[in-house]
Amino acid sequence: MATTSDTTPDDREFEPTTSVCPFCGVGCTLTYEPKTGKSTGEAGPVNTKGEICPKGAAAFEMVDNDDRLTSPLVREDGDLVPASWDEAFDRIEAEFGTVLDEHGPEALGFFSSSSCTNEENYLLQKIARVLGTNSVDNCARLCHSSTVAALSDRFGAGAMTNTLDDLTEADVFLATGANPAEQHPVIFRSYLLPAIRDGTTFIHIDPRENATTDAADIHLPVKPGHDIPLLNALAKVVIDEGLVDEEFVEERVDNFEVFEEFLADVDVAENAELAGVDPDDLREAAMAFGEADRAAAFSGMGMSQHQSGTDNVHALINLVVLTGNVGKRGTGVNPLRGQNNVQGAGDVGALPDILPGYQSVTDPEARERVADVWGVEPPVDPGLTEVEVTHGMGEDIHAAYVFAENPAVSEPNLSKVRERLDAIDFLVVQDIFLSETAEHADVVLPGSAWAEKAGTFTNTDRQVQRVRPMTDELPGEARNDLDILAEFGSRVADYEFDDDPETVFDEMTEVNPLYAGMNYADTDEGSVRWPYPEGADSGQEVLHAETFANGERTTDLHLVDHVAPADEVGEDQLVLTTGRVLQHFNSGAVTRQSGTLMKLRNENALQMHPQNAEERGIEDGDTVVVENDRGRTQVKVEVTPAIRPDTVFMTFHCADPLVNDLTGDHLDPVAGIPEYKHTSVHVSVVSNEKDV
Ligand code: SF4
């Protein structure tokens with residue numbers, strides 16, 4: 001790792017200031033504990049007793065880390081070498097200028113960051129749009145863009161309909177494609193588990209038994225890619241058993257009769273077989289959900305990361321609407337958002353078709369409202385998504401700016417991604433470590449970690465919380481992220497961008513209707529929830545009570561049919577599906593820097609059912625090759641009956657073994673999310689030596 005400064009992060013002093021965890025969307029409050037030199041939980045709006053998980057406890061290890069980037073790097077004769085900030089920015093200014101002159105703003109792509117603050121995301125999308133392109137996106141594209149698309153379409157707001165607090169009043173929880181015990185540990189332990197212990201029935205839909213399933217009353221081990229037959233069958237049982245909320249449907253639904261007719265031919269037992277679940281268990285789940293006074297659905301990436309991701313969520317919304325579980329406490333459709341600020345990155349407009357506050361770029365009034373504040377009107381044509389930008393590199397995309405994201409590990413079909421990253425004329429990466437993507441860059445800019453920055457994050461249940469620096473000293477010559485972005489924007493556009501978080505936040509509330517009425521000072525104590533109606537003391541908790549967020553009193557039931565996964569499963573092939581584990585996070589770019597987390601779990605394993613293992617002569621601990629037409633990787637095997645016999649499971653946190661060398665880039669036609677959760681692979685044993 002290249003560094004130029006004698007100042008290591010270890011030399012710095014940190015203050016025990018209150019801030020927010022940089023990992024998952026739960027948004028736990030943390031502080032610095034001087035005695036241990038580590039982060040520790042502090043009572044906050046979400047973790048009201050100061051509880052945190054192992055990732056939160058290790059969050060300081062990415063800040064106080066000898067592998068931090070401490071100097072700008074520029075590529076010289078093929079190598080990245082240290083440079084001054086002026087040299088780095090001069091090169092960026094010249095190269096972006098050339099691309100703009102020769103190809104126009106459509107030749108630029110911007111990767112914003114769902115792990116960074118609202119203010120940083122707001123600023124980067126503004127820079128892209130002032131330059132003349134809407135091609136700015138963040139990795140919400142890769143996790144929940146389909147969920148946001150379906151919820152926005154049906155209800156007018158792409159976020160949790162309810163709050164963590166009120167959800168504890170549910171009589172039934174249905175979690176599908178989510179493993180909150182490992183992915184959202186504080187939500188699971190402090191909200192869901194106490195309610196379950198208090199009598200809430202828990203239905204878990206997931207291809208494998210995991211830590212969440214341990215708490216379930218009913219487990220439906222759905223075949224990856226077969227959520228729609230399952231959800232349609234649940235809706236069919238609800239209708240057949242007279243469990244439709246007729247009053248709600250009469251008042252709030254447009255097309256019940258059409259939907260009823262659509263489901264008339266559904267054979268519950270056939271759908272159960274197609275989805276790979278027991279029909280009696282499916283009926284029991286439908287009866288529990290339909291009979292409950294209050295039933296709440298939670299969804300995760302097992303639902304959203306399919307080429308049918310948007311339709312999967314539509315099918316879930318159908319079940320919730322049909323049973324009248326919208327607009328009241330303890331109900332709703334509640335996506336559990338992954339990264340700390342993935343909700344906020346979308347809220348503030350870091351999306352190619354959406355201006356701040358989920359206003360369409362094609363809406364002339366919305367563009368005019370933004371232009372009134374910016375003095376520049378955003379372009380009218382929707383931009384390219386993150387995956388489309390990557391695939392266009394070296395062709396229509398000539399320069400890209402990647403801010404704290406790692407597409408070289410997180411995007412699918414990575415051999416193609418690596419080719420594209422090498423083919424682009426000019427690539428800038430702003431990050432705190434030399435990530436796998438930064439290895440391909442022409443210029444690397446050393447930025448700031450969570451405990452070095454000020455601003456706000458928005459968590460999974462729409463709470464905007466203040467992020468505070470615990471030191472004003474950055475390692476070596478690293479600079480604050482907002483400051484870097486403002487200089488970048490001011491260098492490449494004929495525009496002055498502000499680098500003060502409070503000024504940026506307050507401007508953001510002028511152009512973002514969801515954040516209208518808030519000000520930076522409001523986020524100083526506790527949290528502020530969106531939407532924040534004018535004159536209200538606090539933000540709105542339960543959405544869609546009288547009207548949906550789009551102002552409509554009614555919505556419709558969507559008619560969604562099963563879409564076969566893109567990868568056909570050939571002879572001797574298995575379906576590979578992926579997910580998170582408790583100790584690591586996303587591309588692993590920051591958790592791999594944590595000695596504590598690596599000690600807790602430093603090895604990825606392929607989970608395989610004993611039946612498959614026996615057929616292939618594989619034993620627990622063997623090393624196998626997992627391969628398909630797109631790539632191959634080697635990994636150890638964990639033989640376990642927890643996974644379906646037709647499916648194998650790996651995490652996506654590791655650069656080695658790199659699961660996204662295998663995944664395909666078939667995209668959901670509405671949201672552009674890739675199909676990560678259904679990949680056909682061959683698995684064969686390499687070695688029965690357990691220590692290979
Ligand atoms: Fe951080 Fe999420 Fe763990 Fe809370 S639950 S400490 S926000 S990783």
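## Domain 2 and domain 4: the interface and other features

In this predicted model, 17 residues of domain 2 are in contact (heavy atoms within 4.5 Å) with 21 residues of domain 4. Local features need pLDDT of at least 70 and side-chain atom pairs count only at pLDDT 80 or more, while totals for chains, interfaces and linings use all residues. Residues are numbered from 1 along each chain as its sequence is written, and side-chain values use heavy atoms, with hydrogens and water left out.

The domain bounds below come from an automatic or database domain assignment.

| Domain | Residues |
|---|---|
| domain 1 | 9-61 |
| domain 2 | 73-142 + 341-529 |
| domain 3 | 145-335 |
| domain 4 | 574-687 |

The C-alpha centres of domain 2 and domain 4 are 30 Å apart. The size of an interface is often given as the accessible area lost when the parts come together. Buried area here is the accessible area (1.4 Å probe) that two parts lose on being put together, summed over both. Domain 2 and domain 4 bury about 1,500 Å² between them, with carbon and sulfur atoms giving 55%. On the domain 2 side, Val409, Pro412 and Asn413 lose the most area to domain 4, together 31% of what that side buries.

Between these two domains there are 2 salt bridges, a salt bridge being a side-chain nitrogen of Lys or Arg within 4 Å of a carboxyl oxygen of Asp or Glu. Asp665 and Lys416 form a salt bridge with an N to O distance of 3.1 Å.

Helices (H or I, at least four residues) and strands (E, at least two) are DSSP runs, numbered from the N terminus. On the side of domain 2 that touches domain 4, the elements giving two or more residues are helix H4 (140-143), helix H18 (386-392), helix H19 (407-410) and helix H20 (414-423). H20 gives the most to that side, with 4 residues.

Asn413 sits in the loop between H19 and H20. Its phi is near 50°, a positive value in a residue other than glycine. Most residues other than glycine have a negative phi, and most peptide bonds are trans. Trp530 and Pro531 are joined by a cis peptide bond, with omega about -5°. Pro531 is in the loop between strand S20 (527-529) and strand S21 (574-579).

The structure as a whole holds 31 salt bridges. In one of them, Arg491 pairs with Glu93, the closest N and O atoms being 2.9 Å apart. Arg491 lies in helix H21 (residues 481-492) and Glu93 in helix H2 (residues 85-103), so the pair ties together parts that are 398 residues apart in sequence.
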